[in-house]
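Student: I have a new structure open. Can you walk me through what stands out?
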Amino acid sequence: MKQKRWYDYLWLWSIIFFILGFFNILFAWLGMIEFILPLAISLFAKNKAFCNSFCGRGQLLNLLGSKFKLSRNKPTPKWIYSKWFRYGFLIFFLVIFIQMVFSTYLVFSGATSLNTVIKLLWTIKVPWHWPYTANLASPWIAQFAFGFYSIMLTSTILGIVVMLLYRPRTWCSFCPMGTMTQMICKAHNHKEQ
Ligand code: SF4
């Protein structure tokens with residue numbers, strides 16, 4: 001049997017992240033590691049090592065789908081990994097991200113007040129007041145955390161839904177981080193040719 005390495009357990013981090021955020025929303029900031037690290041690895045190491053070895057979410061989906069056999073293991077529909085869908089989803093995701101940063105700015109500048117709401121699937125507003133302790137951090141820091149936790153939770157739910165319906169790691173076919181790191185690696189390869 002293949003010897004396990006420390007990074008084979010990073011799926012635990014994906015679970016711990018949501019538990020921490022459930023009790024204190026400020027922990028959502030830790031999710032930024034999963035944004036910065038894949039981009040940094042693809043930019044500087046010029047490879048997809050993050051996706052291949054260090055992504056807790058990818059491991060978690062694999063674990064649930066393959067080991068716990070929760071996935072129907074049906075072929076992923078072609079449109080899901082088509083270019084238009086992957087890039088379209090990336091654009092959609094970036095728009096949501098920019099919107100979230102703008103909401104943070106509005107709270108920072110005092111134009112609006114803190115909205116302690118988690119948005120599921122970008123539309124369903126779930127009042128999520130309990131994990132926020134006022135005065136622990138500036139309202140804009142909390143606003144970013146609420147927005148970021150919403151994005152992380154929504155994308156995980158989507159990942160789980162497509163894992164159940166198709167292959168365990170179907171989410172990876174259109175994951176915005178995966179698409180961005182692939183674009184960066186392709187650009188590197190292009191330059192080196
Ligand atoms: S495609 Fe996304 S979810 Fe899949 S391994 Fe890469 S970063 Fe993780």
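Tutor: Helices here are DSSP runs of H or I with at least four residues, strands are E runs of at least two, and both are numbered from the N terminus. This is a predicted model, where local features need pLDDT of at least 70 and side-chain atom pairs count only at pLDDT 80 or more, while totals for chains, interfaces and linings use all residues. Residues are numbered from 1 along each chain as its sequence is written, and side-chain values use heavy atoms, with hydrogens and water left out.

Student: Which residues does the UniProt annotation "transmembrane region" cover?

Tutor: According to the unreviewed UniProt entry, the "transmembrane region" annotation covers residues 12–37, 84–108 and 140–166. UniProt positions follow the numbering used here, feature names are shortened, and annotations may be inferred rather than shown by experiment.

Student: How far apart are the end C-alpha atoms over residues 140–166?

Tutor: They are 39 Å apart, and the chain there is 96% helix and 0% strand.

Student: Switching to the ligand. Which residues are around the ligand?

Tutor: The residues around the ligand are F50, C51, C55, R169, W171, C172, C175, M177 and G178. A residue counts as near a molecule or strand if one of its heavy atoms lies within 4 Å of it.

Student: Which helices each supply at least two residues of that shell?

Tutor: Helix 3 (49–54), helix 7 (171–174) and helix 8 (176–192) do.

Student: And what is the shell like by class?

Tutor: It has 7 nonpolar, 1 polar and 1 charged residues. In this scheme Ala, Val, Leu, Ile, Met, Phe, Trp, Tyr, Cys and Pro are nonpolar, Asp, Glu, Lys and Arg are charged, and the others, Gly among them, are polar.

Student: What about T170, buried or exposed?

Tutor: T170 counts as buried because its relative accessibility is 1%. Buried means under 20% relative accessible area, exposed means over 50%, and partly exposed is in between, with a 1.4 Å probe and protein chains only. T170 sits in the loop between helix 6 (139–165) and helix 7. Its C-alpha atom is separated by 13 Å from that of I157, and the two residues are 13 apart along the chain.

Student: New topic: how many salt bridges are there?

Tutor: The count comes to 1 salt bridge. The term means a side-chain nitrogen of Lys or Arg within 4 Å of a carboxyl oxygen of Asp or Glu. The side chains of R5 and D8 make this pair, at 3.4 Å from N to O.

Student: Why would side chains pair like that?

Tutor: Side chains of opposite charge can pair when their charged atoms come close.

Student: Where do R5 and D8 stand on accessibility?

Tutor: R5 is partly exposed at 32% relative accessibility, whereas D8 is buried at 18%.

Student: Which residues form the nonpolar patch on the surface?

Tutor: I15, I19, F22, F23 and W130 form it, and together they have about 520 Å² of accessible area. Patches take residues with over 30% relative accessible area and no salt bridge, joining like charges within 9 Å and nonpolar side chains (Val, Leu, Ile, Met, Phe, Trp, Tyr) within 5 Å. Accessible areas come from the Shrake-Rupley method with a 1.4 Å probe, and for residues only the protein chains shown count as cover.

Student: Last one: what is the phi of K46?

Tutor: K46 has a positive phi of about 60° although it is not a glycine. K46 is in the loop between helix 2 (33–45) and helix 3, and it counts as partly exposed at 40% relative accessibility.
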